Each structure stands twice: as structure tokens, then as C-alpha cells.
Amino acid sequence: LASAASVVLCMDVGLTMSNSAPGEESSFELAKKVIQKFVQRQVFSETKIELALVLFGTDSTDNPLSQDGQYQNIRVHRHLMIPDCELLIEIENQVQPESQQGDWLDALVVCMDLLHTETKGKKYDCLNIALLTDLNTQTNEESLEVIIKNLTQSGITVQFFLPFPVEEDKEGKGLSREQKKNKELVKEMMLSLDVEDGLDEIHTFRNAIEELCMFKRVERRPVAWPCQLTIGSSLSIRIVGYKAVTDEKLKKMWITVDAQSHQKDDVKRETVYCLDDDNETEVQKDDIIQGFRYGSDIVPFSKVDQEQMKYKHDGKCFAVLGFTKQSTIRRNQFMGSQIIKIFAARDDEHAGVALSALIRALNELQMVAIVRYAFNRISNPQVGAAFPCIKQDSECLMYIQLPFMEDLRQFTFPSLENKKFTPSDAQLSAVDSLIDSMMLVEEDENGEQRDLFKPHRIPNPAFQRHFQCLHHRAVSPGTPLPPIEPWLKAALDRPEVITERCQDPLDVLKRKFPLTEVEKKKKLKTSAQIFGKESEESEAKKVKEDEAEEYNLADIAEGSVTSVRIRGRAGRLNNPRRWALCQQLTHRIEQLLSNKNTQYYMKSITCIQAFREQSVKVNKHSHCSSFGGANDDAVFAVDGLTLISKDEVEGSSVSKAEANQFLVAEEKKEEAAPAPVEDTGDVDDL
């Protein structure tokens with residue numbers, strides 16, 4: 001179908017569509033799959049085709065022609081518009097089998113009226129009606145000639161999708177009287193329309209599903225790039241460039257929702273920029289510039305610096321720097337994500353003659369032009385090769401980007417030769433035979449080689465899988481993703497011819513390279529393992545190693561910056577997360593204190609100070625007080641750290657006097673302790 005097209009999908013949902021043989025899918029299920037896959041292709045290929053959906057055989061009637069008891073049991077489910085995921089969801093959930101019967105000729109008239117009404121005054125390249133039915137209904141055939149006449153005059157094409165073929169030699173058994181009669185009406189209609197091979201527009205459901213199984217590729221119209229091809233300073237040729245091959249990137253058609261309700265407005269993300277200081281001072285985005293680390297310093301780099309650093313040139317160009325043999329340009333040097341075809345300007349005869357002469361000269365001499373290419377003023381210039389390309393109906397230059405010196409990497413790899421093992425001639429021959437058998441080419445009847453594996457006919461599996469998952473997530477949210485489509489896995493498997501061809505070489509390879517089991521060397525046992533017990537020295541060493549592992553420096557927060565960050569963010573957390581954070585900090589402080597080291601001791605003081613200040617700030621005295629009650633009180637005697645009193649936080653059960661007494665009691669205990677008596681007996685004896 002053309003890009004500017006209008007299509008009406010007309011589906012039978014009547015009573016007989018649900019009938020099926022045991023173990024087989026019904027006509028309704030097959031027809032629904034055809035519609036789903038067709039709509040999927042249009043949604044994800046970003047085409048401009050407008051779709052409408054009409055159902056007949058419905059329990060209700062909703063169409064503009066339903067007057068005086070005519071055109072009953074026909075419902076216009078969706079009017080012409082660009083298809084979207086909402087339509088896929090409606091087809092999945094709202095299109096269900098119903099209990100009435102509808103006339104397919106009446107449904108065809110409703111579709112024609114819909115196209116005539118909603119496309120009036122607009123220009124379309126194609127108007128099409130796709131009718132999906134089992135033809136097992138009573139039909140008023142008197143209007144057939146009028147319908148054929150109106151279809152021809154309006155330029156509307158019709159396609160039929162049936163559960164059985166219509167060819168005489170493939171006529172299926174078991175058709176009802178209505179199906180046989182309606183099948184002849186369909187053939188009469190398709191042969192009467194001004195269409196070549198009208199019967200080719202009648203498809204079966206299963207064939208249609210196979211044809212529509214893969215998602216349609218995204219179509220792009222190349223945009224002309226006018227420029228001047230220059231050779232030296234005196235020769236200039238007007239050219240136009242088109243992208244022949246480029247890297248296709250997925251267009252993001254979805255949004256990420258953080259809320260469990262699946263409503264994007266329930267949870268909103270907000271980005272805040274803060275300084276790395278004690279108060280985490282918030283700053284505006286406009287006050288931020290980029291910076292780069294240089295050692296321990298951060299060097300600011302403003303937008304002005306970035307603009308000055310950019311390479312400046314005169315704008316778009318396609319200048320020939322010189323020529324070289326095609327053999328000097330290696331395939332591994334091809335770069336970039338696109339190939340550009342260069343043609344002469346369409347309205348310039350002189351440019352056409354000049355460019356043709358250049359292309360033919362390069363082709364005869366087996367040479368390429370090395371050119372400097374710049375797309376526009378703001379893009380970085382490239383160096384590339386322009387290859388001549390001559391076909392029956394066209395001539396052009398094919399531009400491919402080449403690397404600069406900095407883009408090349410010189411790797412040095414060790415030799416593959418192994419002095420311990422040198423393969424024999426028979427082994428080398430076996431490997432060569434295997435490689436030859438796995439070549440993805442074969443000779444045809446004329447002795448010419450043809451490809452067995454044709455990548456240009458295989459859709460991108462990443463795109464196909466991506467679209468499959470998007471469709472499943474749209475129509476079935478909250479359910480596991482489906483497995484990969486069987487046809488896609490089959491398309492990526494190696495051809496059966498290759499599997500059969502390489503079987504014999506593989507058997508030869510197994511015989512030429514026999515495998516022998518290598519016994520593992522026994523590990524040397526220690527004396528402790530031999531005699532069943534370890535010495536006291538090794539036991540003490542093991543305990544020491546366990547302690548070192550438990551209190552690894554890498555597991556303990558270093559510096560006061562980390563504790564301040566925790567303190568600054570704790571106030572923003574809800575109660576369960578704040579309590580969990582306090583437990584983590586308490587555990588870390590206990591680890592620091594248990595090391596009995598000055599460095600860890602001072603670090604614990606910093607953590608306790610931050611812990612206490614934050615507890616006061618968020619009015620949660622219980623967090624810090626519970627820690628203070630469970631740990632060594634001597635820690636709080638440093639820098640006046642004591643319990644949180646009622647004056648600081650309401651709800652505290654500790655008065656200011658009791659908080660002060662918390663430290664005084666410790667001081668008195670220390671004062672009451674008797675001083676150690678110095679033993680000078682040995683000195684007197686001397």
C-alpha cells in the first residue's frame with residue numbers, strides 16, 4: 001500500500017465464525033490474528049495509512065445507513081484515523097464473537113460509504129477494503145452489480161480473507177450451501193473489477209498470518225543533499241547526495257511510569273542540583289557548568305570554551321583531495337553508519353556530462369577518489385572514498401567514510417603456532433574440509449554461485465522482538481513477556497543444507513583430533529590436614545584473619561563527607577526508611593568502636609555528632625537515645641555529646657539536668673578511681 005492510503009478492515013464476528021473442528025482454531029480467532037498483525041505493522045512502521053474498523057454480525061447496530069430496518073447488525077467500531085496502541089488494545093479486549101448474522105454485501109456497502117464520506121476533499125493514493133469472513137451467511141445478491149459499478153467508479157480496491165481457498169483445484173470439502181454460493185459471488189465480483197488477476201486478491205487466513213508475521217520495516221524517503229563536487233580550485237560540478245544505507249534507530253514511542261497504578265501523573269520525577277557541602281545547598285541549573293577532573297582538581301569548562309574549541313570550517317563540501325587504486329582501500333577500513341550515493345544535479349546537463357566522465361574514468365582505471373566531506377557548517381568534516389558505480393539505468397559515486405590516523409588501532413597478537421603440538425597434514429585437511437562445507441554459497445544449474453543465507457531479506461531480529469514485547473505489554477500489562485516467535489528463531493538458524501553438508505567433515509574432525517581425559521593434579525596437603533588438627537599458631541592466625549575480614553577498611557565509610565551526606569538526606573525519607581538508615585549507621589558506629597583504634601575512634605565521634613544533630617532536626621530523639629543507651633557511655637563524654645533532652649525535642653523523657661548528669665556520673669567515677677601506687681621497691685634495693 002502507498003504511504004498516503006486509507007484502509008477499512010471489515011470483520012465478520014457472527015455466530016458461525018466461532019465454529020471450529022476439535023483441536024483447531026476457529027475462523028474468528030484466525031481473522032482476529034490477521035487484523036492484529038496488520039495493525040501492528042502499521043503502528044510500529046510509523047506509516048501514514050489511516051485505518052477504520054467495521055464489524056458485522058454484531059448484536060447491536062451502529063452505522064449511518066441503518067434506517068428503515070436496513071443494514072442491520074453492522075457496527076462502525078472505529079472511524080478513519082492513524083492507528084495507535086489504543087486500537088490494538090481495543091481489538092484485543094473489545095472485538096469478541098457475537099450471536100447474530102450479518103450480510104457481507106451490506107457490510108461492504110457500509111465500508112464504501114465510510115470511505116466516501118471521510119475521505120471527501122482529501123487526496124489518497126489508495127482506497128482499500130479488506131473483508132474477513134467465512135461466507136456462511138445469507139446474502140442479498142440483487143445489489144451485486146450496483147456494488148461492482150460503484151467500486152469501479154470510486155477506485156476502491158477490495159481484498160477478501162477466507163478460511164478456505166477459492167481455486168477450483170483446491171476446493172475444500174465440507175462447505176455449506178451458503179459458503180458455496182457466496183464463494184461464486186466473490187469470484188464473480190473480483191473478476192468483474194478492473195484489476196489484473198483479481199483472484200490473487202483472495203487470501204486464506206493462514207497464508208495472511210504467515211505473510212504478516214514479521215513487523216513491517218520503517219520506510220524512509222531519502223532527502224536530497226545539494227552540494228558542489230570540487231577538484232582543485234577551477235573545476236566544480238553540481239551534485240545531489242542521497243543516503244543509500246544508514247543505521248536505523250528505534251523511535252521511542254513509549255514512556256516510563258514509576259507508579260504502581262500505571263498512571264504517569266501519580267509519581268513525578270524531580271531533579272535537584274546541590275552543592276557537595278554540609279548543608280547540601282540547592283543551586284539552579286542555569287548556575288551549573290561542566291567540569292573535568294585533572295588529578296585532584298576540577299577544571300571548569302563553560303559553553304563558551306566548548307564553542308571556541310570546536311573545529312570551524314566553511315560549511316558543506318565534497319572536495320576531491322586525490323585519487324588512489326581501489327586495492328589500497330581495505331574493507332576493514334570502512335567507517336561510519338551510512339553510504340551516500342552522489343548523482344549529478346537533475347536540471348544541469350553539463351554537470352551530468354562532467355560527473356559521468358569522472359565516474360567512467362575511475363571505473364576504467366580501477367581507482368577511487370579520496371574526498372573531504374562535510375554535511376553542514378556545524379558538523380565535523382570527514383575523509384572518505386568515492387567509488388564508481390555503473391548500472392544499466394544509472395551512474396553514481398558511492399561515498400564511504402574512512403578513518404583518520406587516530407581512529408586506527410595497531411594491535412599485536414602472539415603467534416598461533418604451538419611448539420608442543422604441530423598439526424599433521426591430515427588434520428589440516430580435515431579443518432579445511434569443514435570450512436569449505438560451511439560456506440554459505442552453492443552453485444545453481446548454470447554453475448553460478450548463489451547465497452544460501454540472505455541477510456537483506458531477514459528483518460532485524462532486535463526490532464522484531466522489541467515490537468513483539470511492546471505489543472504484548474500494551475494489550476496484556478503485568479503478564480510475563482512471550483517467547484520469541486518461532487519463525488524468527490527459524491530465520492536465524494543455519495540452513496539445513498549446511499547442517500547436512502558439514503556432518504561428514506565433523507565426523508572426520510572428531511577422528512583426527514581425539515580427545516583424552518586429563519587427570520587433575522592432586523593438591524599438596526598440609527600437615528594440619530594430614531594429622532587432623534591445626535597448631536595453636538595457625539588457629540590464632542585464622543582468628544586474626546577473620547577479624548580483619550570482618551572490619552575491612554573498604555567496608556567502612558571514610559571521611560566526614562559520607563556521614564554528612566547521610567545526615568542531609570535522612571530528613572527526606574519516610575519513617576521506615578529513616579529507621580532502617582539509623583540502624584545501618586548504628587551498626588557502622590559499633591564496628592568503628594570495636595576496633596580500639598584512634599583513627600576509627602575519631603571517625604565514630606564524627607558519625608555520632610551527625611547522628612545526634614539529624615535526630616534533633618527531624619524530632620526523633622528515640623533513634624539516637626536508643627543508641628546511646630546501648631553503647632559505651634564514655635563515647636558521649638567527648639565534645640559535650642549527651643542525651644537529647646526535652647528542651648531540644650518535644651516528647652523526650654530526659655530532662656536537661658538528667659542529660660547533664662549523664663556525663664557527670666562518668667566524670668565522678670573517673671575521679672573516684674584510686675591512682676595506681678608506684679612500686680619503687682626495686683629501685684630502693686639498688
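The following dialogue examines how terms are applied to a predicted model.

Biologist: What makes up the chain, in helices and strands?

Modeller: The chain holds 21 helices and 19 strands. Of its 686 residues, 34% count as buried.

Biologist: What makes β3 and β6 the edge strands of their sheet?

Modeller: Six strands form an open sheet in the order β3-β2-β1-β4-β5-β6, with mixed pairing. Strands β3 (74-81) and β6 (202-204) each pair on one side only, and are the edge strands. From one strand to the next, the twist averages 15°.

Biologist: How do you know that β4 and β5 are paired?

Modeller: Two strands pair if there are at least two bridges between them. Six bridges join β4 (residues 126-132) to β5 (residues 156-162), therefore the two strands count as paired. They run parallel. In this pairing, L132 stands opposite F161 in β5.

Biologist: Which helices lie against this sheet?

Modeller: Helix α3 (residues 104-118) packs on the sheet and touches β1 (5-12), β2 (50-56), β3, β4 and β5. The direction of α3 makes about 30° with that of β3. Helix α5 (residues 177-192) lies across β5 and β6, and runs at about 150° to β5.

Biologist: How is the packing of two helices described?

Modeller: Two packed helices are described by the angle and the distance between their axes. For α4 (residues 144-154) and α5, the axes come within 10 Å and cross at roughly 30°. This crossing is right-handed. On the side of α4, the contact is made by L144, I147, I148 and L151. On the side of α5, it is made by L185, E188, M189 and S192.

Biologist: Why is the pair of E178 and R177 called a salt bridge?

Modeller: A salt bridge requires a side-chain nitrogen of Lys or Arg within 4 Å of a carboxyl oxygen of Asp or Glu. The closest N and O atoms of E178 and R177 are 3.7 Å apart, so the pair meets the cut-off. A search of the whole structure finds 11 salt bridges. Among them, K310 and E307 meet at 3.5 Å, N to O.

Biologist: Why is R177 called exposed, but E178 partly exposed?

Modeller: Exposed means over 50% relative accessible area, and R177 has 66%, so R177 counts as exposed. E178 has 23%, which lies between the 20% and 50% limits, and therefore E178 is partly exposed.

Biologist: What makes the salt bridge of R360 with E395 a tie between separate parts of the chain?

Modeller: The closest N and O atoms of R360 and E395 are 2.5 Å apart. R360 lies in helix α8 (residues 349-365) and E395 in strand β17 (residues 395-402), so the pair ties together parts that are 35 residues apart in sequence. R360, at 43% relative accessibility, counts as partly exposed, and E395, at 22%, also counts as partly exposed.

How values were computed. Residues numbered from 1 in each chain as written. Predicted model: local features only at pLDDT ≥ 70, side-chain atom pairs only at ≥ 80, totals over all residues. Heavy atoms only, no water. Helix = DSSP H or I, 4+ residues; strand = E, 2+ residues; numbered from the N terminus. Axes fitted to C-alpha atoms, helices over the stretch in contact; angles between N-to-C directions. Contact = heavy atoms within 4.5 Å. Left-handed = near helix turned anticlockwise from the far one by under 90°. Buried < 20%, exposed > 50% of the residue type's maximum accessible area, 1.4 Å probe, protein only.
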